[in-house]
Amino acid sequence: MAVSWRSWTANEGAKHIVLWLSANTVLFWKTFTLYCYGPQYYYLYKMLGLGLCLSRASAAVLNLNCCLVLLPMCRAVLAILRGSQKVMSRKARRLLDKSKTFHVACGVAICLFSVVHVSAHLANVYSFSLLYSEEFPSLNIARHKGEVSWCVCFAVPGVTGVLLVFILFLMFTASSHGIRVCSYEIFWYTHNLFVVFYMVLLVHVAGGALKYQTNVEDHPPGCLGSNWTGGSDNVCRAEPHFQAHFPQTWLWVSGPLCLYCAERLYRYVRSCGRVTVESVVKHPCGVVEVRMLKSGFTARPGQYIVLNCPSVSSFECHPFTLTTCPTGTEATFGIHMRVLGDWTERFVELLLSEDSAETETLPVVQRRTYPKGDWQHYKLRRLYFVWVCRELGSFYWFADLLCGLHQKLWQENRPDYLNIQLYLSKTEALQVCVGRQYQALSARLQVGRPRWPELLDDIGKSNKDKRVGVFCCGPKGISKALHQLCNSGRSCGTTFEYNKESFG
């Protein structure tokens, strides 16, 4: 499948990926060359070799990514930025929707460079033990040669380093797709170990094992002793003095940590309002509709809420898209929840039980703020609504809404504004929507699955040399197929911008 550079750039944000990769590469190389050729590290490099350069360069990249990995999780801050028309452009807003992907990329970078950092320090342990400096005892990490290995293994950097690797291993393995699907609780609780991770990280840098020379002007690296009589001007005026580095990791992570803590406190305060569950409706295919009421709650289409039910789990929070928003006449808001997994099963059982009136449910709205200003150039000209379901009963969830919208557009003489295509993937028998009020949907019901390439080609022919937004909410198979098609070179020069439902 051919890939269009124009489409791929629009969907993947290539320049932003290159910017992040460039920052990591430049920081790694700059730190590597500093420790390799810097005069203040001449004697230390002579003792440790490339292990010194690799350990410090990887540590610099780890500092950067440990700083960045927290920023995509500041949801309220991202929502404020997304809603600011002066600060954020349209492309930047689409990039914010990929905040989770950036969070994962930073996490992978932390794991990879942790392997490099640990390996380089193991090489440093061997070098310290083998190349004990009798000439400059203060450069060593122990006063006696036999104490070197003991100091490295049991000093603060060694113990905290092992603990950091263990925590990182738990967080990384529990973040895999298989564990998140089978047991989301394991992922949630292990991921919250990041608090311990950052606390140990700040202690980890307090060891001071690696030292630099402080008097380079009085003792140029490699200078000759004053008792040498060769006639050279490069004579040492003083003995070299070595000093441990001042820890710099806290300069990188303290800002994002404070911002994230303030964010969590803000979200906790907002979630303390009382919420009343007005109704619970069971739909086919294991879907439950929950209607709620909260004083002073306002929302707009496209936003989502984060549900927390202390009776099920005090710490777990799960996002759900709002399917019903408060209006001028109706103050309730609702979600459609598919019962899949331990948390949703326990939550629905609790709602349907007789003593559910005493259940405390605290939804927290996550506002996807829209910028204020003139939106005429973003005016929607036509909407293609494609819905694929396995069973006919699933279409009844929003059948009344779709039929009402279809009837309204016909009355306004805009029948082509909304193109509804319904697909029933379960092909045992052709079925139709029962009821006279659903005739508009029955005429648009097809058996089978959509032919996405042909569908996108037809849309592209109707929108030559324009940008078409593609919004996907569904399983990974459909999402992956649409993503690949949007990145490929379609006909008529149309650029398809792929968007997936994202709970940033």
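Let me start with Cys258: its sulfur is 6.6 Å from the closest cysteine sulfur, in Cys261, too far for a bond, a disulfide being a pair of cysteine sulfur atoms within 2.5 Å. Cys258 counts as exposed, at 54% relative accessibility; buried means under 20% relative accessible area, exposed over 50%, and partly exposed in between, with a 1.4 Å probe and protein chains only.

Before I go on, this is a predicted model, where local features need pLDDT of at least 70 and side-chain atom pairs count only at pLDDT 80 or more, while totals for chains, interfaces and linings use all residues. Residues are numbered from 1 along each chain as its sequence is written, and side-chain values use heavy atoms, with hydrogens and water left out.

Back to the cysteines. By the sulfur cut-off, the count is zero disulfides. Cys53 is in none either, and its nearest cysteine sulfur, in Cys36, is 4.3 Å away. Cys53 is buried, with a relative accessible area of 0%.

Next, a helix pair. Helices here are DSSP runs of H or I with at least four residues, strands are E runs of at least two, and both are numbered from the N terminus. H9, residues 156-174, packs against H12, residues 194-204, at an angle of about 155 degrees, with the axes 9 Å apart. The axes are lines fitted to C-alpha atoms, over the stretch in contact for helices, and angles run from 0 to 180 degrees between N-to-C directions. That makes H9 roughly antiparallel to H12, since under 35 degrees counts as roughly parallel, over 145 as roughly antiparallel, 65 to 115 as roughly perpendicular and the rest as oblique.

Which residues of H9 and H12 meet? On the H9 side they include Leu163, Leu164, Ile167 and Met171, and on the H12 side Phe194, Phe197 and Leu201 are among them; contact means heavy atoms within 4.5 Å. The residues of this contact divide into 13 nonpolar, three polar and no charged. Nonpolar covers Ala, Val, Leu, Ile, Met, Phe, Trp, Tyr, Cys and Pro, charged covers Asp, Glu, Lys and Arg, and polar the others, Gly among them.

Last, two single residues. Gln421 lies in strand E10, residues 418-424, and counts as buried at 13% relative accessibility. Gln421 and Leu445 are 24 residues apart in sequence but 6.7 Å apart in space, C-alpha to C-alpha. Beyond four places in sequence, the contacts of Gln421 include Trp387, Arg444 and Leu455.

Asn413 sits in the loop between helix H15 and E10. Its phi is near 60 degrees, a positive value in a residue other than glycine. Asn413 is exposed, with a relative accessible area of 66%.
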